[in-house]
Amino acid sequence: MARVLKTGTVYGNYRILSELGSGGLGRVFKAVHLQNQNIVALKVISDRFYRNKRFIGIFHREMMTHSELKHKNIVRWHECMHKEPLCYIATEFIDGWSGSQFIKRNRRRIPPVVALSVIYQILQGLDHLHLRDKVHSDLSAGNFLVERTGRVVLTDFGLSSEINDHKNYLVGTPGYYSPEHINNTGITRGSDTYCVGLLLYELVVGTRAVPASKDRHLVLKEMSNLSPSFFAQNIVCADHAMKSMLIQMLTRALSFFQNKRYPSAERMLYDCSFVLGRFKVRRPRHTVLGFLEQAGMVDSPDSNNKQHGSAVQTITQDERFKAS
């Protein structure tokens, strides 16, 4: 029997408050724990999948991987349940926006320092995963969240795996594939950093670097066109130093060949930190928060609130770097 989940429905240990979204495997709800009153994001596996061995395997992989990860830039795991007819994962509720929503709302208006401050936090969470000899495999705009506090977190670890796993079948999200995703040669840390490069390009330019297509030949052709001249043509940035450093980072991150690419999140994090340091960004989270305030996405603090003052000032000083 199909499960009818709507506002007020009790599902396992939780009461449904509202639906947050849906994806390939199921739906995500905002819910409250019946006993401790904690608000969570509840991922519920679709009826058509919770008896499917392959998709239950994905569910268990996400459960095992996520339960081992504890980092400020990774959404916190609370608990999971797989006991028929219940099948869900409960994680920290992030009051904010998915990366897709954040990009769509601010298309072509995200300053490079803000984009890099988002990427810096993504790389911090990814480095935590890489240090455990695992790869995310599905880094896309839909799989990171921007909290109203300026914190950025990674989510959705259903396709996370050991390095060089996922051979001989296509995984991931169209538009966020690496060459290894397309060629089925095994996903590596360098595959993840390629996808981070795609996210950086999309944040700065406002469009995707490669099409959201499952046509392998088309995607591979577009990937081969990603070059310094391509980035120079599409990145609009008044500050020549910033533009030059963005082109260098993107050229390395989006190299078609793994031996020329960032081998891990740690190496890309180093370059990202260097660029932010050159532009006097010391607290990436506060820089993102300052942008959210200026964009009207969150309320601005009182003039006497010194906690976020540096963030707002940083964005004001860097208005000239806006990609528009």
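These legends describe close-up views of a predicted model.

**View 1. Overview of the whole protein.**
The predicted model contains eleven helices and eleven strands. Of the 324 residues in the protein, 54% are buried.

**View 2. Helix H3 packed against helix H5.**
Helix H3 covers residues 112–130 and helix H5 covers residues 189–205. Their axes are 10 Å apart, and the packing angle is about 160°. That angle makes H3 roughly antiparallel to H5, because angles over 145 degrees are counted in this way. The crossing of H3 past H5 is right-handed. On the H3 side, the contact is made by Pro112, Ala115, Leu116, Val118, Ile119, Ile122, Leu123, Leu126 and His130. On the H5 side, the contact residues are Arg189, Asp192, Val196, Leu199, Leu200, Leu203 and Val204. Sorted by class, the contact of H3 with H5 has 13 nonpolar residues, one polar residue and two charged residues. An α-helix has 3.6 residues a turn, so residues three or four places apart point the same way.

**View 3. Helix H3 crossing helix H8.**
The axes of H3 and H8 come within 11 Å and cross at roughly 35°. H3 passes H8 in a left-handed crossing. Pro112, Val113 and Leu116 of H3 make the contact with Met242, Leu246 and Met249 of H8. By class, the contact of H3 with H8 has six nonpolar residues, with no polar and no charged ones. Pro112 and Leu116 of H3 also take part in the contact with H5.

**View 4. Helix H5 packed against helix H8.**
H5 and H8 pack at an angle of about 145°, and their axes are 8 Å apart. The crossing of H5 past H8 is left-handed. H5 contributes Thr193, Tyr194, Gly197, Leu200, Tyr201 and Val204, which meet Leu246, Met249, Leu250 and Ala253 in H8. The contact of H5 with H8 has eight nonpolar, two polar and no charged residues. Leu200 and Val204 of H5 are also listed in the contact with H3. Leu246 and Met249 of H8 are listed in the contact with H3 too.

Serine 264 sits in the loop between helix H8 (240–253) and helix H9 (265–278). With a relative accessible area of 14%, serine 264 is buried, because the buried class is under 20%. Leaving aside residues up to four places away in sequence, serine 264 touches His130, Arg189 and Thr193. Of these, His130 belongs to H3 and Arg189 to H5, and both are part of the H3 contact with H5. Thr193 is one of the H5 residues that meet H8.

**View 5. Helix H10 and the glycine that follows.**
Helix H10 spans residues 284–294, and nine of its eleven residues are buried, so H10 is largely enclosed by the rest of the structure. The buried residues are Pro284, His286, Thr287, Val288, Leu289, Gly290, Phe291, Leu292 and Glu293. Glycine 296 follows H10 and has a positive phi, near 75°.

**View 6. Two loop residues with positive phi.**
Most residues other than glycine have a negative phi. Aspartate 133 is not a glycine, yet its phi is positive, about 55°. Aspartate 133 lies in the loop between H3 and strand S8 (134–135). With a relative accessible area of 42%, aspartate 133 is partly exposed. Lysine 280 also has a positive phi, near 60°, and is a residue other than glycine. Lysine 280 is found in the loop between H9 and H10. At 62% relative accessibility, lysine 280 counts as exposed, because the exposed class is over 50%.

**View 7. Aspartate 47 and glycine 26.**
Aspartate 47 is placed in the loop between strand S4 (39–45) and helix H1 (53–68). The relative accessible area of aspartate 47 is 28%, so this residue is partly exposed. Aspartate 47 and glycine 26 are 21 residues apart along the chain, and their C-alpha atoms are separated by 8.2 Å.

Technical notes
Residues numbered from 1 in each chain as written. Predicted model: local features only at pLDDT ≥ 70, side-chain atom pairs only at ≥ 80, totals over all residues. Heavy atoms only, no water. Helix = DSSP H or I, 4+ residues; strand = E, 2+ residues; numbered from the N terminus. Buried < 20%, exposed > 50% of the residue type's maximum accessible area, 1.4 Å probe, protein only. Axes fitted to C-alpha atoms, helices over the stretch in contact; angles between N-to-C directions. Parallel < 35°, antiparallel > 145°, perpendicular 65-115°, else oblique. Left-handed = near helix turned anticlockwise from the far one by under 90°. Contact = heavy atoms within 4.5 Å. Nonpolar A, V, L, I, M, F, W, Y, C, P; charged D, E, K, R; others polar.
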